[in-house]
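Please consult the sequence and structure shown below.

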Amino acid sequence: MKDHLSRIVDKYPANIFKNRKEHIVLVDHDSENPQTITANTRTIPGIITSRGCCYAGCKGVVIGPIKDAITITHGPIGCGYYSWATRRNKARLEEGETDNYLNYCFSTDLQEGDIVFGGEKKLKRAIKEVVEIFHPQNIMICSTCPVGLIGDDINAVAAWAEQEFHIKVLAFSCEGYKGVTQSAGHHIANNGLIKNVVGTGNTVTGKYSVNLLGEYNIGGDSWEIERVLTRIGYEVVSVMTGNGSIAKIKNAHLANLNLVQCYRSINYIAEMIQTKYGTDWLKVNFIGVQSCIESLRDMARYFDDPVLIARTEEVIAEELDEIMPVINHYQPLCVGKTAALFVGGSRALHYQYLFQDLGMETVLAGFEFAHRDDYEGSEVIPFIKEDADSKNIETLHLEPDEKHYRLVLSREKYETLKKQIPLNYFGGMIKVMKNNSVVIDDINHYEIDEFLKLLKPDIFCAGIKEKYQIHKSGVFSKQLHSYDYTGPYAGFKGAAAFARDIALGLTAPVWNMIRPPWKTEPMLEGSLIKEVI
């Protein structure tokens with residue numbers, strides 16, 4: 001396999017070869033030293049990458065799903081339009097709520113004249129119009145590339161709007177060119193929420209109160225997770241940010257445990273809440289049957305209540321009774337198949353567990369905007385060197401809050417649990433993948449084609465940019481950024497829905513009707529050494 005990987009990168013020019021070979025790892029758990037990978041570095045110009053920009057990470061991922069805030073994109077219309085509802089973040093009004101703006105797209109629609117003479121006046125007019133028509137309590141301003149280049153001071157405009165209209169107005173300087181991927185936008189959004197929202201509420205929370213972090217309710221995922229948690233007896237104080245609201249996020253500091261689903265997009269605020277308020281975070285995975293069970297049991301271990309532990313097992317048994325007949329029906333169509341995954345966030349890791357539930361093996365996995373700790377685990381963080389692009393993003397230095405800082409666990413109990421559950425720790429993806437499987441960072445279109453030829457996966461789960469390239473190769477592709485208009489896939493019922501969709505996709509006859517070149521032309525390469533007569 002190493003020879004095959006070498007051939008793929010050998011076709012690059014020397015400087016690109018040197019770069020890309022550091023982004024590809026052939027998993028070898030027998031290696032004497034922990035395997036390392038290069039990540040969170042600039043994409044090589046000219047390569048067709050699947051990454052997004054800083055604005056996409058801030059507005060499109062973290063800030064956009066907040067339902068009781070109007071998010072104004074300050075920039076040309078394209079940025080606002082193409083980040084409008086494309087991730088299928090769902091939201092609905094809960095009891096006592098009145099505001100849900102998720103169906104709307106707000107943009108200042110900057111034109112050439114605005115770029116020349118400045119767009120601050122237009123932004124003020126947009127805020128005034130939004131207030132007059134919708135009367136929101138919260139407005140978010142997200143800036144795009146031209147705004148940063150011309151120097152519009154969106155923070156000053158936000159301060160003006162707060163005084164003028166007596167509402168909360170937050171500004172996020174998330175110009176697309178900041179950082180190297182959308183991960184920079186996640187960081188900026190996390191910083192804004194911890195500085196201006198978390199800690200401003202004073203609701204009363206119960207003993208088993210949790211925040212669900214890094215869950216964006218794509219296709220209704222969050223609702224399914226919350227349903228199970230509520231059945232067991234947990235109180236979900238806030239969700240960041242799928243179906244989330246400022247009204248609830250401001251109380252996040254009062255929960256007793258943070259559950260981290262998408263590590264990459266939300267680990268910043270999980271760490272900052274721990275530093276400022278003392279709240280531990282637990283790495284969970286509600287994608288997959290066995291991973292759901294393990295996460296629920298880890299939560300019960302944290303709270304260490306026999307009644308809660310018993311109730312957890314009771315709910316698990318009831319959920320399994322309902323979904324296993326469905327999964328068992330579709331599983332025979334999936335057993336023995338192979339899968340490749342290239343998705344943002346933690347999904348390329350999470351869905352390996354769900355494929356494993358279906359009897360499928362993951363042969364390749366990678367992330368769009370990962371850092372080294374996403375691959376190698378939290379233990380590598382102290383050894384990651386900060387580069388100029390990382391320094392572009394503000395790092396907050398927080399102190400324990402005098403009023404709200406508290407520890408749920410004793411030091412002795414904490415040290416014991418750390419050995420049993422992923423408490424304030426993420427193990428990364430490399431550790432869970434099998435020997436000779438491929439881990440790849442920031443894959444490009446050329447490499448996708450080459451790995452399709454080499455590994456011949458039965459399914460390649462990715463995003464919308466890669467989906468049709470993969471389909472043209474005669475391989476089924478499931479879009480895991482927005483689920484192709486289906487879902488939810490989280491939780492127990494989500495696993496059953498995923499089993500159905502994957503089985504139907506794998507058995508569709510259309511894949512046999514497509515003939516890419518490598519299915520009709522010889523793939524072996526050779527040379528004549530000696531002619532024997």
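Which residues in α10 are buried?

## Helix α10

Asp-221, Ser-222, Trp-223, Glu-224, Ile-225, Glu-226, Val-228, Leu-229 and Ile-232 are buried in α10, where buried means under 20% relative accessible area, exposed over 50% and partly exposed in between, with a 1.4 Å probe and protein chains only. Helix α10 is thus mostly covered, with nine of its twelve residues buried.

The end C-alpha atoms of α10 (residues 221-232) are 17 Å apart, which agrees with the 16 Å that twelve residues should span at 1.5 Å a residue; the expected span is 1.5 Å times one less than the number of residues. Gly-233, with a positive phi near 125 degrees, follows α10.

## Basis of the model

This is a predicted model, in which local features need pLDDT of at least 70 and side-chain atom pairs count only at pLDDT 80 or more, while totals for chains, interfaces and linings use all residues. Residues are numbered from 1 along each chain as its sequence is written, and side-chain values use heavy atoms, leaving out hydrogens and water.

## Overall fold

The protein contains 21 helices and 13 strands, assigned as DSSP runs numbered from the N terminus (helices: H or I, at least four residues; strands: E, at least two). Its radius of gyration is 24 Å, in agreement with the value near 24 Å for a compact globule of 533 residues; the radius is taken over C-alpha atoms, and the globule rule is 2.2 Å times the number of residues to the power 0.38. The C-alpha trace spans about 95 × 65 × 45 Å along its principal axes.

Of the 533 residues, 56% count as buried. Among contacts (heavy atoms within 4.5 Å) with a separation of 6 or more, 76% are between residues 24 or more positions apart.

Most residues other than glycine have a negative phi, and most peptide bonds are trans. His-135 is in the loop between α6 (120-134) and β4 (138-143) and is exposed, with a relative accessible area of 54%. His-166 is in the loop between α8 (154-165) and β5 (168-172) and is also exposed, at 68%.

The peptide bond from Met-240 to Thr-241 is cis, with omega near 5 degrees; Thr-241 belongs to strand β7 (residues 235-241). Another cis bond, with omega about 0 degrees, joins Gly-487 and Pro-488. Pro-488 lies in the loop between α20 (464-471) and α21 (491-506).
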